Amino acid sequence: KGWGVPGGLAEAAERVSHLVLNDVDLGAGPLPPKNSMMNIKGLQLNNTNMSWQAIAEISHMGVGFPMLEELSLKGNRKTLESLKADPPAKLKRLQKLCLDGAGVHDWAEVAALVAGLPALTGLSLSGTALPACPAAAGTAFAGHAKLAKVDLEGLTAGAGFCAALGAGNVTDLRVGDGLCPREEIIAEIESLKTLNGEAVTVEERLAAEKGYITRAFREMPKDHHTHGADCAGVPETFLKAHPKYAQYVRQYGAPGGSAHADPAPAKTFLDAIHGKYVDCEEDVAAEADLVVSGEGQREEKKWVMVGMAKHKAKTGQLTRLRAAAVGEEGVAAVGDAAGIAAALPNLQQLELSQADGFEGYDVPAGIVAALPKLTHLDLSCVSLRGAAPPAASAFSKLQKLVLNKTGVAWADVAGMSRAGDGLKLLKELHIDANGVTDMTARASLPNLAYLSAMGNLLEDWDKVVPMFASAPELRELVLSNNRLPEPDASVTRALALSEIGSLSLVENPIASLQFTKLLAYVTHVKSLKLTYPKVAGVAPNHVRLMAIADMPHLTSLNTSTISAKERTEAEKLYILRAFATLPAGAAHKDDCSDVTEEFMLKFPRYKELVEKWGNPSTAQSSTTAAASNNGTANITFRDCIEGKRMKADTTRALPVFVKVGQLKAVVKSVFDVPPAEQVLLWKSLDQEIPIPTPLDNDMETLAYYGITGGSGLLEVSVKK
């Protein structure tokens, strides 16, 4: 711990220019020796409990960091909540700074830090605790002459951020899905060359800048629509709100001019359908979206007609179309509603994802109204941020609605659900990657059974739990890739009062498995998905068994069905782990009446499982019945030292709580191999397909590796 060893090494090895100290606890010890960092150009301090104040103090010790160009402080969420330092850090040559996953939460501190780093060219703030990026942050970044690369993945943009950033020199930007559409970012930031790892092409920039003019023109008062290329007479307030408008109009001409792209009428929905399913060279029936002759049946017959006859036949086939995807066909207007209804009377599923010919709800709402049997609508990646809500009951007949990467807030969904007939038939809703932070707004979703809110910015259960009351029939909830902590007792009480039977919490900062003990009392939660945390004293491949033992009603964990054999193994392991925490030689009654209350609170299922599998403190326990003695395993030692068996196998019965270091002493007595050279591999003989398990930690017990009894093979080899 601390800087003593690495600081001394850096001081002694004068040619060391890059130092990597990831996952070392540097916050608990002294700072490095004076001048020990004088030659360091690259420094990685990820997950080291370092604070910015400590960095500043080191920078003022002797010559500090005179050569430092790259600094990474990823994952220091608790110790790096503030970027303030007294005196300020002295890092005049620092070019690249990574604060991914830090606890930073104040944009004013970020702005002050950037201003104090004159050589900074790259800044990464991915996955931090920062709120939406304000315009002031964009101004701060734009005001730095050298800052060219900014990573804000996982963050959302406040009003005016991109426009403010456009005044600077940023050429490489990485942003979260919920920021704003790619085309808008490109138009706002003229210097941009790479966005989210993809180069900005000339064609893409041309389309983005012309699109900027079109979007701004829609917001201009109509009495100014006749302005010329010099924008004379355009209100100053409008030009301030759209700072690139005048520049782009000078380049391409006023809206409607010949310099603009295709002046043809806006493409209607039916035009798009005909363009994809009728006017194309391929058969209508060959399209994956065409369903004919019954539910789920796809006609494979190939067309042989040509010319007008073929066209008419394919048009007639549209009446059988059940699902269509025209998001990339340039739909910009609804068109003739009666014509849509006549041409597509059976269309049930419509995908408008990636559509860039319209913004807001007017066009999709008009299309939905014209399609009599439509039940599924996908608007993924359509710009809906801040859009006026659709007319009351516009989506009331939908059963599935996908609004991923649209910028919608939960409050928008709640508002739609309460207007008129709202979303009364909706059964499935997706609002992934929208930067959602709050789900407390009251909604009316009486039939909603599935809700996905993946990839958002939820970090407080108090802003999620109120949503349960809005969807009384909710059965499956997906909250993966958010920032939610481990659910506490209040959350599990709310789950118990709900109907939720499937819960996904993958990629959330859950640090332990305490909540699985609480979920034991929520009997209707049958399926759970989570990222297994590191649990002290438990092998990583056995954390799953801990979770299974905690939740007796669970039938599926991380999409894998829990078998009866796996549950048996998990419950027996639960008993042995719990029993191991009692004093050595301790015993208790079969009914556990003499076990302390404190112990039972820590292991709430212990009594129940002892009644089921037997008392581990007695020889009659079925928990370890596979072994000849209680709490022992029959281990067959096999010589694999030279790649082949040189000595005969030897079998011994050993306690499952013997440590690996002690086991190595036994191996030495059998095969005469020094413990430091041994490599041990365990294979259970009680499994149909034995899974090899390396016994690689001398301080852990056999039980730690899931060896709870029975018979197994220990293959002994030596380090190469």
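Where does D271 sit in this chain? D271 belongs to helix 10, which covers residues 269–277. Keep in mind that this is a predicted model.

- D271 is partly exposed, with a relative accessible area of 41%.

**Surface charge**
- E459, D460, D462 and D488 come together as a patch of negative charge on the surface.
- One of these patch members, D488, sits in the loop that links strand 16 (476–478) to helix 15 (489–497).
- D488 is partly exposed, at 40% relative accessibility.

**Cysteines**
- You'll find 0 disulfides here.
- C231 is buried, at a relative accessible area of 6%, while C381 is partly exposed at 28%.

- Most residues other than glycine have a negative phi, and most peptide bonds are trans.
- N196 isn't a glycine, yet its phi is positive, at about 55°. Look for N196 in the loop between strand 8 (194–195) and strand 9 (198–199), where it is partly exposed at 31% relative accessible area.
- D672 is also a non-glycine residue with a positive phi, at about 60°. D672 lies in the loop between helix 21 (660–671) and strand 23 (678–684), and it counts as exposed because its relative accessibility is 59%, over the 50% cut-off.
- The D86 to P87 peptide bond is cis, with omega near 0°. P87 is in the loop between strand 3 (70–72) and strand 4 (96–98).

Note on methods. Residues numbered from 1 in each chain as written. Predicted model: local features only at pLDDT ≥ 70, side-chain atom pairs only at ≥ 80, totals over all residues. Heavy atoms only, no water. Patch = residues over 30% accessible without salt bridge, like charges linked within 9 Å, V, L, I, M, F, W, Y side chains within 5 Å. Areas by Shrake-Rupley, 256 points an atom, 1.4 Å probe, with all protein chains shown as cover. Salt bridge = Lys/Arg side-chain N within 4 Å of Asp/Glu carboxyl O. Lys, Arg positive; Asp, Glu negative; His and termini not counted. Charge placed at Lys NZ, Arg CZ, Asp CG, Glu CD. Helix = DSSP H or I, 4+ residues; strand = E, 2+ residues; numbered from the N terminus. Buried < 20%, exposed > 50% of the residue type's maximum accessible area, 1.4 Å probe, protein only. Disulfide = S-S within 2.5 Å.
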